[in-house]
Amino acid sequence: MGANTLDGGHLKSFIERIERLEEEKKAIADDIKDVYAEAKGNGYDVKIMRKIVSIRKQDATKRREEEEILDLYLSALGPE
């Protein structure tokens, strides 16, 4: 493909795939929102649940390092 030529069909295919994936992403985000709402309705703390999900995404070694640094900093601040 030259610098001044575009394959419109190929480009359209990419755009349509991206659009479909964006629609799926929105549907999944809505599903996740519904699960959090259901959990909240059952008495769970959604803020804490989101934190747990975030923590579980992290690499275990990285998570331990961050926890150690957090503990160190909290110790350095002393009791409140």
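**Entry 1. The model.** I am working from a predicted model. I therefore took side-chain atom pairs into account only at pLDDT 80 or more.

**Entry 2. The largest pocket.** I looked up the volume of the largest pocket and found about 150 Å³ of space. Next I listed the lining of the largest pocket: Lys51, Ser54, Ile55, Gln58, Arg63, Glu66, Glu67, Leu70 and Asp71. Which helices supply at least two residues each of this lining? They are helix H2, residues 46-57, and helix H3, residues 60-77. H3 gives the largest share of the lining, with five residues.

I then sorted the lining of the largest pocket by residue class. Five of the residues are charged, two are polar and two are nonpolar.

**Entry 3. Rings.** I searched for aromatic pairs and the count was zero. Tyr36 does have a charged neighbour over its face: Arg50, at 3.9 Å from the ring centre.

**Entry 4. Salt bridges.** Side chains of opposite charge can pair when their charged atoms come close.

I began with Lys12 and Glu16, whose side chains meet in a salt bridge at 3.8 Å, N to O. This distance falls within the 4 Å cut-off for a salt bridge. Lys12 and Glu16 are separated by about one helical turn, because they are four residues apart in helix H1, residues 8-41. Lys12 has 51% relative accessibility and so counts as exposed, the cut-off being over 50%. Glu16 is partly exposed, with a relative accessible area of 33%.

The next pair was Lys25 and Glu22, where the closest N and O atoms of the salt bridge are 3.3 Å apart. Lys25 and Glu22 are both in helix H1, with a spacing of three residues, about one turn of the helix. I looked up the accessibility of Glu22 and noted a relative accessible area of 43%, which means partly exposed.

The last pair I wrote up was Lys26 and Asp30. In this salt bridge the closest N and O atoms are 3.0 Å apart. Helix H1 holds both Lys26 and Asp30, four residues apart, about one turn of the helix. Is Lys26 buried or exposed? Lys26 is exposed, at a relative accessible area of 51%. Asp30 counts as partly exposed, at 34% relative accessibility.

Entry 5. I looked up Asp45 and found it in the loop between H1 and H2. Asp45 has a relative accessible area of 46%, so I recorded it as partly exposed. I also checked Asp45 against Ile28: the two are 17 residues apart along the chain, and their C-alpha atoms are separated by 21 Å.

Where is Pro79 found? Pro79 is in the segment after H3. Its relative accessible area is 84%, so Pro79 is exposed. From Pro79 to Val46 I noted 28 Å in space, C-alpha to C-alpha, for 33 residues in sequence.

How values were computed: Residues are numbered from 1 along each chain as its sequence is written. This is a predicted model: local features need pLDDT of at least 70, side-chain atom pairs count only at pLDDT 80 or more; totals for chains, interfaces and linings use all residues. Side-chain values use heavy atoms; hydrogens and water are left out. On a 1 Å grid over the protein atoms alone, a cavity is a set of points where a 1.4 Å probe fits but cannot get out, and a pocket is an open set with protein on both sides within 12 Å along at least five of seven lines; lining residues have an atom within 4 Å of a point. Grid points are joined across faces, edges and corners, and a volume is the space filled by probe spheres set on the points. Ala, Val, Leu, Ile, Met, Phe, Trp, Tyr, Cys and Pro count as nonpolar, Asp, Glu, Lys and Arg as charged, and the others, Gly among them, as polar. Rings of Phe, Tyr and Trp (its six-membered ring) pair if their centres lie within 6.5 Å; planes under 30 degrees apart count as stacked, over 60 as edge-to-face and the rest as tilted. A charge sits over a ring if NZ of Lys or CZ of Arg is within 6 Å of the ring centre and within 35 degrees of the ring normal. Buried means under 20% relative accessible area, exposed over 50%, partly exposed in between (1.4 Å probe, protein chains only).
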